[in-house]
Amino acid sequence: MSAARDRPMIQPEPSLWLGSQSRRLGLLLLLLSLLGITRTEVQPPQLPKQDPTLQALSRKESFLILTAHNRLRSQVHPPAANMQRMDWSESLAQLAQARAALCGTSVTPNLASTPGHNPHVGWNVQLMPMGSASFVEVVNLWFAEGLQYRHGDAECAHNATCAHYTQLVWATSSQLGCGRQPCFVDQEAMEAFVCAYSPGGNWDINGKTVAPYKKGTWCSLCTARVSGCFKAWDHAGGLCEVPRNPCRMSCQNLGHLNITTCRCHCPPGYTGRYCQVRCSVQCVHGQFRKEECSCICDVGYGGAQCATKVHFPFHTCDLRIDGDCFMVSPEADTYYGAKTKCQGKGGVLAQIESQKVQDILAFYLGRLETTNEVTDSDFETKNFWIGLTYKAAKDSFRWTTGEHQSFTSFAFRQPDNQGFGNCVEMQASAAFNWNDQRCKTRNRYICQFAQKHYSRWEPGPRAWPISSPASP
């Protein structure tokens with residue numbers, strides 16, 4: 001039977017060192033025993049109401065205690081593969097202060113009144129003569145017990161105390177709160193130092209003590225929840241922590257990373273996945289596309305900033321399909337070069353949104369290839385750019401206008417992202433079905449003009465017979 005199921009057989013080993021026992025403290029412990037209250041109860045009794053004069057630790061002292069814990073946890077030998085970084089918990093600090101007010105007795109606060117905390121809280125308690133040690137020095141005393149601990153055997157040396165040490169270096173304890181209170185024992189001025197840990201440690205199974213951490217390379221056994229590795233400049237090893245940057249990316253040029261969506265929110269003037277692209281484009285007569293740092297121009301305007309009045313070509317289209325005009329380029333260019341040239345003519349790279357348009361364009365391009373209507377032979381392939389690109393920020397293909405791709409005609413086993421292809425071409429070897437390709441490849445391209453664009457053109461003699469199919 002596993003330890004998790006055999007719950008009664010797992011008992012916390014209390015890390016309580018009270019020094020010399022006083023008669024009054026002995027009577028108190030005897031009374032608690034007669035009442036059936038032990039230090040291993042899952043539901044301990046409620047503490048009496050705290051003295052309103054109790055003072056919590058200062059922010060500076062809390063920081064020093066937390067820093068000491070994390071520094072010492074990163075210095076254990078042998079090194080720990082799963083040691084977690086601790087964070088300060090004010091609610092645990094209140095519990096520790098309440099216990100310190102009772103001069104470190106074995107009475108423990110009831111965690112039922114502390115929402116959000118694991119009921120298994122571990123304790124380190126120390127009584128010292130007043131003014132003899134600082135809290136950080138007490139923490140170092142607890143850690144020094146490790147000299148008597150044999151990690152390989154998970155045992156403490158005979159007649160030695162190691163329980164403070166094992167709780168301090170308990171790997172899965174990730175929350176810490178401490179308190180300190182002056183008190184009197186046999187009319188001697190003493191000081192109670194108390195730290196509470198959540199989740200607690202110091203467990204044993206069938207009388208065998210559980211080792212406080214897993215031996216191995218620092219951070220090599222961190223869990224998914226604490227997959228980050230915290231390494232301070234003065235720490236020897238590393239501590240598992242909730243990753244500060246689970247996206248494993250950073251934003252440039254003062255961009256802000258949203259770790260929930262793993263996307264950069266770029267400041268004005270920058271764009272790109274990492275805000276790495278300087279983008280100061282102003283669209284005079286058009287709409288700005290932030291993802292591409294470019295403009296979609298209004299009818300009648302072209303150029304990079306939509307500031308140039310377009311002189312529409314005085315000829316008809318190569319194809320007219322359902323009211324739209326398609327022109328096939330005789331020259332080749334990169335994807336973004338082709339996009340700019342289409343826009344300079346007052347159009348966009350072709351946006352294929354139905355099987356009908358795909359079939360007609362594929363048939364036309366197949367016939368065009370055999371007629372050799374190419375005025376510029378400077379091209380790498382027989383393929384044609386269309387206005388579809390992969391947007392990493394949206395994890396999908398989008399048309400140049402920003403619309404989501406609803407129709408698709410990718411070739412078999414495409415897109416495969418070979419060569420980091422983010423731009424889409426109509427591929428001749430695949431019957432002009434689509435393929436994702438590197439955007440720097442030089443292809444011919446297809447420009448598309450809506451009816452509102454080419455209605456301003458003057459008619460001309462160039463019209464291919466299939467350019468005006470009957471509407472269904």
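Strand β21 (residues 319-321) is joined by three bridges to β22, and the two run antiparallel. The model described here is predicted. Within this pairing, L319 has F326 of β22 as its bridge partner. The two strands form a hairpin, with two residues between β21 and β22. D322, which lies in the turn, has a positive phi of about 50 degrees.

Strand β22 (residues 324-328) also pairs with strand β28 (residues 444-449). This second pairing is again antiparallel and extends over four bridges. In it, C325 stands opposite F449 of β28. β22 is mostly covered, as four of its five residues are buried. In a regular strand, side chains alternate between the two faces of the sheet.

A separate feature is the packing of two helices. Two packed helices are described by the angle between their axes and by the distance between those axes. For helix α2 (residues 59-73) and helix α4 (residues 135-144), the angle is about 20 degrees and the axes are 9 Å apart. Angles under 35 degrees count as roughly parallel, and α2 and α4 are therefore roughly parallel to each other. Their crossing is right-handed. On the α2 side, the contact is made by E61, L64, I65, A68, H69, R71 and L72. The α4 side contributes F135, V136, V139, N140 and F143. Sorted by class, the contact of α2 with α4 has eight nonpolar, two polar and two charged residues.

Methods: Residues numbered from 1 in each chain as written. Predicted model: local features only at pLDDT ≥ 70, side-chain atom pairs only at ≥ 80, totals over all residues. Heavy atoms only, no water. Axes fitted to C-alpha atoms, helices over the stretch in contact; angles between N-to-C directions. Parallel < 35°, antiparallel > 145°, perpendicular 65-115°, else oblique. Left-handed = near helix turned anticlockwise from the far one by under 90°. Contact = heavy atoms within 4.5 Å. Nonpolar A, V, L, I, M, F, W, Y, C, P; charged D, E, K, R; others polar. Buried < 20%, exposed > 50% of the residue type's maximum accessible area, 1.4 Å probe, protein only. Pairing = 2+ DSSP bridges.
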